[in-house]
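Here is a short briefing to read alongside the model. Take a look at the fold and the ligand site, and then go through the points below.

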Amino acid sequence: MTNPADRWGIHPDHFWLHGQQPEQPVRFDEETGAWNVYGYPEAQHVLADPETFASDTSRFFPPEASMYSEGDLTMMDGADHRKLRKLVTHSFTPKTVADLEPRIRQVATELLDAVEGERFEMVTALAYPFPVIVIAELLGVPVSDRDRFREMVNQILQIGAQAADMSQVQPEEGTGNGQATQKFADYMNEQAAERRKRPREDLLTQLVEAEVDGDRLTDAQVANFAGLLLAAGFITTTMLLGNTMLCLDRYPRHFAEMRDDRAKVPAVIEEALRFLSPIAMTARATNVNAELGDCRIPRDKFVQVWFSAANRDPRQFERPDEFNPSRESSAHLAFGRGVHFCLGAGLARLEARVAMNLLLDRFDGLRVDPDNPPTFLPLPAFTGPETLTLLTK
Ligand code: HEM
């Protein structure tokens, strides 16, 4: 049985998805000037040592880009990161997330109620709008604006994606990206200002009212953080839903077993996260000279940690290229590790579990439509379908 990456041509240059192991767990790329970390223990090492491997990679980007990183948790280090993260953690506790389940189920049910006929495009019908509605409701921004988010966020994500190819990093001011980012920041700023005037029962209001060590967040911090949640909160889950379907389509035995025993749904989702990790890569910057694997990485170097390659490391996962939801221990890195561990992991897992169960309830013969092959997000930092047409019978 061909694996999904070979079958659908997912990121041909992500060789680890195509059954090849890297020659070395850490490798310098002369063309881009970036250090690539492919191995599991090496990736773990980088993520566990934020003093050496900083999340603030703004030194590699033009100064204009840094105006959007204020309040962006993923780019913060040390005490600043701890303070902001503490502030928002209570909105994502297991209890808060579990309480969202009835509303989450209702949203997915309504979206699937609109699906008709023998085939449907899963991303448009479910995988895209579902997490957007959930995160937009949580924040309190009008759900009616969701199509605007898609356009704005897709363009903003290009900036992050450029990190995977340093040759593309260039000043963004005046470009489509710069304008899109500005538009999105303006939009979130308006929403934050509105909450200052008229507080509501939503996360945006919590953010504008919150105090960290006696300080309030600035409008820019609130806007950028809310923007991060919107961006992080939906494109990732969109990819996870699509990737889970792609895996099940290629491994029908596991699909049948999950259908017969719904208790297996969470394990299938975990294995899909390992097997096709939606966030393929994150970036760090060396603050000092570092030792990693057999390599010496000088200070001020750009380091790309490939979660998706580490998740195929045979030193950690027996027969890593086998899709096997019954693995004894998964411990994948799809949600990262350490102080930046994904804030929304619980929410993403819940959304995926609810969506997969509803899909199973409704459709007996769900499979990828061979006449309409899926297309994929081209950005190297992401692995997931942009369109995915499914047959329902
Ligand atoms: C399948 C879905 C998701 C995946 C695969 C994913 C993956 C990740 C990864 C790998 C990181 C760590 C990045 C790094 O260390 O540089 C991260 C961080 C983060 N994620 Fe997620 N994520 C998902 C869903 C979500 C959701 C639903 C939300 C919010 C509603 C969210 C919010 C965040 C935030 C705020 C951070 C930054 C945390 C910090 O820097 O302290 N994510 N995510």
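Two residues are in contact if their C-beta atoms, placed from the backbone, lie within 7 Å. By that rule, residues 24 or more positions apart make up 72% of the chain's contacts with a separation of 6 or more. This is a predicted model: local features need pLDDT of at least 70, side-chain atom pairs count only at pLDDT 80 or more, and totals for chains, interfaces and linings use all residues. Residues are numbered from 1 along each chain as its sequence is written.

**Overall fold**
- The chain has 15 helices and 14 strands (DSSP runs numbered from the N terminus: H or I with at least four residues for helices, E with at least two for strands).
- Its C-alpha trace spans about 55 × 55 × 40 Å along the principal axes.

**Ligand shell**
- The ligand is surrounded by 24 residues, and the closest are Gly233, Thr236, Gly336, Cys342 and Gly344 (a residue is near if its C-beta atom, placed from the backbone, lies within 6 Å).
- Helix 11 (219-250) and helix 15 (345-362) are the elements that give two or more residues to this shell.
- Helix 11 gives the most, with seven residues.

- An open sheet of five strands has the order 1-2-10-7-3 with mixed pairing (two strands pair if DSSP finds at least two bridges between them).
- Strand 1 (26-29) and strand 3 (53-54) are at the edges with a single partner strand each, so one side of each lacks a neighbour in the sheet.
- Strand 7 (residues 281-286) and strand 10 (residues 302-306) run antiparallel, joined by five bridges.
- Ala283 stands opposite Gln304 in strand 10.
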